Amino acid sequence: MRRFARVALLCLGCGVCSLLYGFSQLALSLEQEPGGGRERQARDPAAPGAWRQSGGGRAAGSVGRGKAGAGRCKNLSVSFWNSYWMLPSDVCGMNCFWEAAFSSVGFREEAGNTAEEKGHPLQMAASNYNGSASEPAEYGYMKTHPSEKMHLAVVACGERLEETVTMLRSAIIFSIRPLQFHIFAEDQLHESFKDILDNFPYEGKVNYTLYPITFPNESAAEWKKLFKPCASQRLFLPLILKNVDSLLYVDTDILFLRPVDDIWSFLGKFNSTQVAAMAPEHEEPRIGWYNRFARHPYYGVTGVNSGVMLMNMTRIRRKYFKNDMTPVRLQWGEILMPLLKKYKLNITWGDQDLLNIMFFHNPESLYVFPCQWNYRPDHCIYGSNCKEAEEEGIFILHGNRGVYHDDKQPTFRAVYEAIKNYSFGDDLFHSLLQPLELELQKTTHTYCGKVYKVFVKQLTKSVRDLSVRRAKGR
């Protein structure tokens, strides 16, 4: 009888403990706002930050597991973490209930000491060349309201100076609203950029800011060597340009054949869940890369290409992304390194592959625009397969695979050379469009040359529209 009494007493004690735990979790859940996301954001505003002060200081976005992690512990049940990656520094471990209970007071005291208040550590190092010595050298500084300017970012390393400048020229030629360029470049390129861009006309229409190439200190080497030098810098733009609401990122080998204003207008077409926009990697699955060779998840049928990426960065910073590493949704700054750790042996195209993985798990967050907004050699070297470009022309030309600098695809090179050699202020019809058409007619022996008219169809309209605006004094 005594043995049975002891067992019964033990079971009763376990039952009481279980009830107490259940009530405590219920009480915590009632404290949260509907949807949970806003409450979590308010308790843990520094979660995305992973940047460190130079000299080995504490991460600006983290105040330690016992403090910043407390908000995460109180709001989420963290019961499983994939073995491929380490637990984020601001997330508590298995004993979340007890860690939160003992550290919640300390967390509330430190809640105001966040990365947003401290500012990004690189703000002290930014070189701001906007033509005014009185402007503060801070990242994301804008003289006008974000809705009045279009923000365009590019990352240039190695021998990409000329290519980047040509891309910027194409953006300036046709755009209507003011442009703010965010140029991330290796230190040795800064003076060259400054010398060239300071001589650009259209004062007041174009401002630019130069930034160093920067990655989180603890993983800088790993990020920098991913795919191509500096290519993965684009992944960190929402964390660096904290004061920029929306941004168009483009590769250096992009050429705009119509105003940037037109792709910028896609921001107004986003629904309430969409945070970014990209074009498909391929239109024809039979020649698609992702659907034939990828060893990781990818978006849609053929994946997406990140060479032209329009972002609502405010939404990106606020969103909690689903993933295949943990049942807990993670913010942008939290999910990047875990994704790399898990998939680094399976990815081929670096940061583009990571974006494909991310939007595979969050398809509702991506707006997909047509192929004419990111027209690449793949759209014509095996025969024309971008119907939208055939009907309306190419809007944005993407000369990947180095086609601007060899003779393999002379149609692409002809467009690049025409824009590179155009002098601002010259007549666009006689100095740009007419010479280009003559060069394109020499390329009809190639598959892309057979459809050379798609390369000038939109460009002709852009030149005509610009002439009309100039006549009206706009």
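Aspartate 465 and lysine 461 sit four residues apart in helix H19 (residues 453-471), so about one helical turn separates them. Helices here are DSSP runs of H or I with at least four residues, numbered from the N terminus. The two side chains form a salt bridge, with their closest N and O atoms 3.0 Å apart; the term means a side-chain nitrogen of Lys or Arg within 4 Å of a carboxyl oxygen of Asp or Glu. By this rule the count comes to 16 salt bridges.

A word on the basis: this is a predicted model, where local features need pLDDT of at least 70, side-chain atom pairs count only at pLDDT 80 or more, and totals for chains, interfaces and linings use all residues. Residues are numbered from 1 along each chain as its sequence is written, and side-chain values use heavy atoms, leaving out hydrogens and water.

| Pair | N to O distance |
|---|---|
| Aspartate 465, lysine 461 | 3.0 Å |
| Aspartate 262, arginine 258 | 2.7 Å |
| Lysine 420, glutamate 162 | 3.9 Å |

Lysine 420 lies in helix H16 and glutamate 162 in helix H6, so their pair ties together parts that are 258 residues apart in sequence.

How buried or exposed are these residues? Arginine 258 is buried, at 16% relative accessible area, while aspartate 262 is partly exposed, at 25%. Buried means under 20% relative accessible area, exposed over 50%, and partly exposed in between (1.4 Å probe, protein chains only). Lysine 420 is also partly exposed, at 25%, and glutamate 162 is partly exposed at 41%.

Note on methods
Helices (H or I, at least four residues) and strands (E, at least two) are DSSP runs, numbered from the N terminus.
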